[in-house]
Amino acid sequence: MNDFYRQALAYWRSLAPRERTLIVAGSALAIILLCYGLLWAPLQRDLTRLRTDVPTKNAELQWMRTQTARLKVLRSAAPTAAQSSGILSFVEQSAQTYNIRQFIKRVDPQGTNSVQLAIDGAPFNSVVEWLANLQKQGGVRIETASLEPQSSTGIVNARLLLRAPGS
């Protein structure tokens, strides 16, 4: 390292004063451009983005906080029909009422508070109305739902996991 330093210093001293000035000015300009391109410009871009994102995210947070209070009220007011009679019987009775029972190909109880269903070839609108009724009348939650359209318009296959309220 010491040898390199001596060679560099000897080279520097061999340059004319005008060349030294040019090298110092060029180096300073290169450092300024690098600092701007690698530090200042990305920092300003991110700062601008954050100035728009933070108020939006704060508004979303406030909306979510108001919804949590509303959610607590709705959960406390949720009907317990499915809980008192058992989710399996409630789902089957409701399916019979909405003419969905004939399309149910498999019913697998998942403990006492859940049921997994396989529905094939059912009208989409009927399935949606039935699920809305399960939620509204019995407080049944849809844990997972997979709907696959069939070749006939408005006909779907559904795989559902339904859970009783309070579980």
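How are H4 and H5 oriented to each other: parallel or oblique? The views below start with that pair. This is a predicted model, in which local features need pLDDT of at least 70, side-chain atom pairs count only at pLDDT 80 or more, and totals for chains, interfaces and linings use all residues. Residues are numbered from 1 along each chain as its sequence is written, and side-chain values use heavy atoms, with hydrogens and water left out.

**View 1. Helices H4 and H5 cross.** Two packed helices are described by the angle between their axes and the distance between the axes. Here the axes of H4 (residues 87–97) and H5 (residues 124–138) come within 10 Å and cross at roughly 130°; axes are lines fitted to C-alpha atoms, for helices over the stretch in contact, with angles from 0 to 180 degrees between N-to-C directions. H4 and H5 are therefore oblique to each other (under 35 degrees is roughly parallel, over 145 roughly antiparallel, 65 to 115 roughly perpendicular, the rest oblique). On the H4 side, Phe90, Val91, Ser94 and Ala95 meet Trp130, Asn133, Leu134, Gln137 and Gly138 of H5 (contact means heavy atoms within 4.5 Å). By class, this contact has 5 nonpolar, 4 polar and no charged residues.

View 2. Look for asparagine 99 in the loop between H4 and strand S1 (104–109). Its phi is near 55°, a positive value in a residue other than glycine. Most residues other than glycine have a negative phi. Asparagine 99 counts as exposed because its relative accessibility is 53% (buried is under 20% relative accessible area, exposed over 50%, partly exposed in between, with a 1.4 Å probe and protein chains only).

**View 3. Serine 151 sits between two strands.** The loop joining strand S3 (141–149) and strand S4 (155–163) holds serine 151. With 80% relative accessibility, serine 151 counts as exposed. Its C-alpha lies 9.9 Å from that of glycine 121, 30 residues away in sequence.

**View 4. Helix H1 is hardly covered.** Among the 13 residues of H1, the count of buried residues is 0. Asparagine 2 belongs to this helix and, at 48% relative accessibility, counts as partly exposed. From asparagine 2 to leucine 147 the C-alpha distance is 75 Å.

Methods:
Helix = DSSP H or I, 4+ residues; strand = E, 2+ residues; numbered from the N terminus. Nonpolar A, V, L, I, M, F, W, Y, C, P; charged D, E, K, R; others polar.
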